[in-house]
Amino acid sequence: LQQGRAVWMQVCRNCHLMGVAGAPSISDYPAWQDRMTTERSQLYDNAINGIGSDGAWTMPPRGGNASLSDGDVKRAVDFTLAAVEALKTR
């Protein structure tokens, strides 16, 4: 999770910390509920390949950082889900 946190702090937090550009904020558990029950492989695919079509991305591939490896992205997804779960009880 430490490696995932490092990626999250560099890339993902730009949108997911405060919910910028329609991204769910990491502290908005209701916005994450459906994602929390989605197959992890689907979440990885969404984060690696992006969400959107015809160039209108709601989430760009690799969070907009093409230099991230698949493993980097997967670890960031794992960290995000763990953080959302931990923040849910606060």
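Five elements contribute to the lining of the largest pocket: H1, H2, H3, strand S2 (56-59) and helix H4 (70-88) each supply at least two residues. Keep in mind that this is a predicted model. The pocket has a volume of about 600 Å³. Its lining comprises 28 residues, and the closest to the pocket centre are His16, Trp32, Ala47, Ile51 and Met59.

Now the overall fold. The protein has four helices and two strands, and along the sequence they run α-α-α-β-β-α. The radius of gyration is 12 Å, close to the 12 Å that the globule rule gives for 90 residues, so the protein is as compact as a globular protein of that length. If you want a box for the C-alpha atoms, take roughly 35 × 25 × 25 Å along the principal axes. Of the 90 residues, 30% count as buried. As for contacts with a separation of 6 or more, 51% of them join residues 24 or more positions apart.

Take Val84, which is in helix H4. Is Val84 buried or exposed? Val84 has 1% relative accessibility, and because the cut-off for buried is under 20%, Val84 counts as buried. Leaving out residues up to four places away in sequence, Val84 touches Ile26, Tyr29, Trp32 and Met36. For Val84 and Trp32 there is also a distance: they are 52 residues apart along the chain, and their C-alpha atoms are separated by 7.6 Å.

Ser25 is in the loop between helix H1 (2-16) and helix H2 (29-36). What does Ser25 touch, not counting residues up to four places away in sequence? The list is His16, Leu17, Met18, Gly19 and Trp32. Two of these, His16 and Trp32, are also among the residues closest to the centre of the largest pocket. Ser25 itself counts as buried, at 12% relative accessibility.

The loop between H1 and H2 also holds Ala21. For context, most residues other than glycine have a negative phi. Where else does a residue other than glycine show a positive phi near 55°? Arg62 does, and Arg62 is in the loop between S2 and H4.

Gly50 has a positive phi too, of about 85°, and its place is just after H3. That brings us to H3 itself, residues 40-49, where Leu43, Tyr44, Ala47 and Ile48 are buried. Seen down the axis of H3, these buried residues fall within an arc of 130°, so they line one face of the helix.

Notes: Residues numbered from 1 in each chain as written. Predicted model: local features only at pLDDT ≥ 70, side-chain atom pairs only at ≥ 80, totals over all residues. Heavy atoms only, no water. Buried < 20%, exposed > 50% of the residue type's maximum accessible area, 1.4 Å probe, protein only. Contact = heavy atoms within 4.5 Å. Arc of directions from axis to C-beta. 1 Å grid on protein atoms, 1.4 Å probe; cavity = no way out; pocket = protein on both sides within 12 Å on 5 of 7 lines; lining within 4 Å. Points joined across faces, edges and corners; volume = space filled by probe spheres on them. Rg over C-alpha atoms; globule rule 2.2 N^0.38 Å.
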